[in-house]
Amino acid sequence: MHHRLSLRLRPAEGAVLRVLGSIERRGFAIEGIESRRENGWIGLAVALSGERSVEVLARQLARLYDVLAVEIEAAPDAYTAACLQQSFGEPAAVRP
Amino acid sequence: MVAEPAVIERPAPPYRAAEALLDALAAEGVELVFGYPGGAIMPVYDALVGHRIRHVLVRHEQAAALAANGYARRTGRIGVCLATSGPGATNLLTGIADAFLDSVPLLAITGQVATALMGTDAFQEVDTFGITLPVVKHSFLVRRPGELAAVVHEACRIARSGRPGPVLIDLPKDVAASVVTPAGTGPLPDPPPPAPDPSALARARRLLARAERPVLYTGYGVALAGAEGALRALVAATGIPVVSTLKGLGGIPSDDPAFLGMLGMHGSRAANLAVQECDLLICVGARFDDRATGRLDAFAPRAKVIHLDRDPGEISKLRYAEVALCGELARLLPALGARPAPPAWRRRVAELRAAEPQPLAPPGSAVHAPSLLRRLSELLPADAVITCDVGQHQMWVAQHCLHRSIRQHLTSGGLGTMGFGLPAAIGAQLAEPSRTVVCVTGDGSFMMNVQELATLRRYGLPVRILLLDNAALGMVRQWQELFHRERYSEIDLSDNPDFAALARVFGLWAATLARREEAEERLRAWLEAPGPALLHVPIDPRANVWPLVPPNRPNHEQLLEKPPCTTA
């Protein structure tokens, strides 16, 4: 299964590495990345593939302190949409 | 007449970031830190002189991380460990990973080479931030001295809030030594927990109302959430049977009629069969770990799942949850509105509980570890703390000791860290100097942090060590016997040192208990001995842990004894 995630990260040392490492360790292959520095945050788009649930992955990434928002570029299940809220940062933007 | 001594006015020493670090920790309520000094962390050790934070010097950095880990598990407060760069930091790693897998609030502070040297392969330089990335909840590499106090407060908030975990602060030497302005900052408020989802609660209530065979499957999350009271109230009101993970033991007292024991690989028969037969599994602060579930696709095959957890990342990770309830367990459990378990199911569960096979001591005079641990449990004060190492003895403690509350039983569940028991006992004993703290260990695990006997002696910590010695790496030996055609590979420890003599060399009271008829007298003498004390107990090297679910088998296919043919 191929997926695409868009993330908004704190502009902190190690933020991108932390996210990419988590994606691979959770059993997904990274097929492409785009990253850009915006005003006060880092935008990261990741194309990935894997057999496990991308919704679970998105929630695992959302709990990282440096992750301010995660979007799954396909409709996430309702439960995941509801809980992609980052406890420490601004609310996650989830595409309906 | 004696002249008054002249007062020499000295300028106040400059306030450095290292002192700001300690002041911020003190503002967080940290009273003691476990550590080991070295080159890059020297500014912090300089600031420790005369500071109100107490430092406990261990003999290996791994023990600093594990002692802080044990302190945190016992108290629920943040455990703090300190080490220098390079090997100091890498030695902390096992204790940090242990805290990560078991959700323990730990703050690890490591010295780093000066910023100008970072990236040049300097003496004792290692990328601590990078090495620890996969095993921390979060980490900071502090480059601006003025931010250090704020980083400490944020690190503490992250470590303790939500699902707790370890946080690393890597601190370059020049940053720690920089002069800063006192910040006078304090702890930050925890982020609010997610609000319970009313529609999910309504669905959970409907499932509970329809369930004919409900089972509560509880884990360490119950302790992390301070939800033991809510769990006990729910069980008292409904009689729903409870099974527990290794780390959830004590959530319901072991002798509660609704408690069926630990589930999983070395779980009780009653617990495993009840889960396999249930039609509704209510998972409370547990995570469907492979040691608990056995073969996952055959785990609780008839059950729908309600999963209550603080961490949304655990929901449907391994087992699909029909209903997910994320939030504070202490609020969610009463909100379930569960009705009493149906009488027919309660009768079935009572039958299972009554039919639980009890291990009997074989003939002879060799000490039978399960019986000894059961007797120890009876002799100990009700509020005693037991720490364990990893292996057969750890499973015997789980199975045969009476667990009254979760934080009385400190065991390395996720990482399975041999060498955990003694440093964890040091942490627990320093947290509560008057508490009885027992470390049950094995001859393999004990030698992994044996140097900490010197720490026991130095601080006069009255930890009781019970060393079950089967002259082997017993759990590995058991698997080789059962699943590797008795091809024994590197498990023989029959040339162990004389453990009682070894303990005496470190200044401990020590005795040996070799025959079961001596047990009562030796146990009592050991428990009453002054200061730290070790009881060395040789046991039958062939003893195995039963029951056992073979790897990749469903939990109802557990073995109660060695089968006639055991080829895997």
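Select B:R542 and B:D540 to begin, where the two side chains meet in a salt bridge with N and O 3.2 Å apart (a salt bridge being a side-chain nitrogen of Lys or Arg within 4 Å of a carboxyl oxygen of Asp or Glu). B:R542 is exposed, with a relative accessible area of 65%, whereas B:D540 is partly exposed at 23% (buried means under 20% relative accessible area, exposed over 50%, and partly exposed in between, with a 1.4 Å probe and protein chains only). Next, select A:R63, B:R163, B:D311, B:E314 and B:K317 together, which are joined into one network by salt bridges that share partners.

This is a predicted model, in which local features need pLDDT of at least 70 and side-chain atom pairs count only at pLDDT 80 or more, while totals for chains, interfaces and linings use all residues. Residues are numbered from 1 along each chain as its sequence is written, chains are lettered from A in the order in which they are written, and side-chain values use heavy atoms, with hydrogens and water left out. Colour chain B by pLDDT (the predictor's confidence in each residue, from 0 to 100): the chain averages 96, and 98% of its residues score at least 70.

Move on to B:R73 and B:D102, a salt bridge whose closest N and O atoms are 2.9 Å apart. Because B:R73 lies in helix α3 (residues 61-75) and B:D102 in the loop between α4 (87-101) and β4 (106-112), the pair ties together parts of chain B that are 29 residues apart in sequence (helices, H or I of at least four residues, and strands, E of at least two, are DSSP runs numbered from the N terminus). Both B:R73 and B:D102 are buried.

For another salt bridge, select B:D290 and B:R291, with 3.0 Å between the closest N and O atoms; B:D290 is partly exposed at 49% relative accessibility, and B:R291 is partly exposed at 46%.

Now turn to the aromatic rings, of which the structure holds seven pairs over all chains (rings of Phe, Tyr and Trp, the last by its six-membered ring, pair if their centres lie within 6.5 Å, and planes under 30 degrees apart count as stacked, over 60 as edge-to-face and the rest as tilted). One of them, B:W479 with B:F483, is edge-to-face, at 5.2 Å centre to centre and 75 degrees between the planes. Both residues lie in helix α20 (residues 474-483) of chain B, four residues apart, about one turn of the helix.
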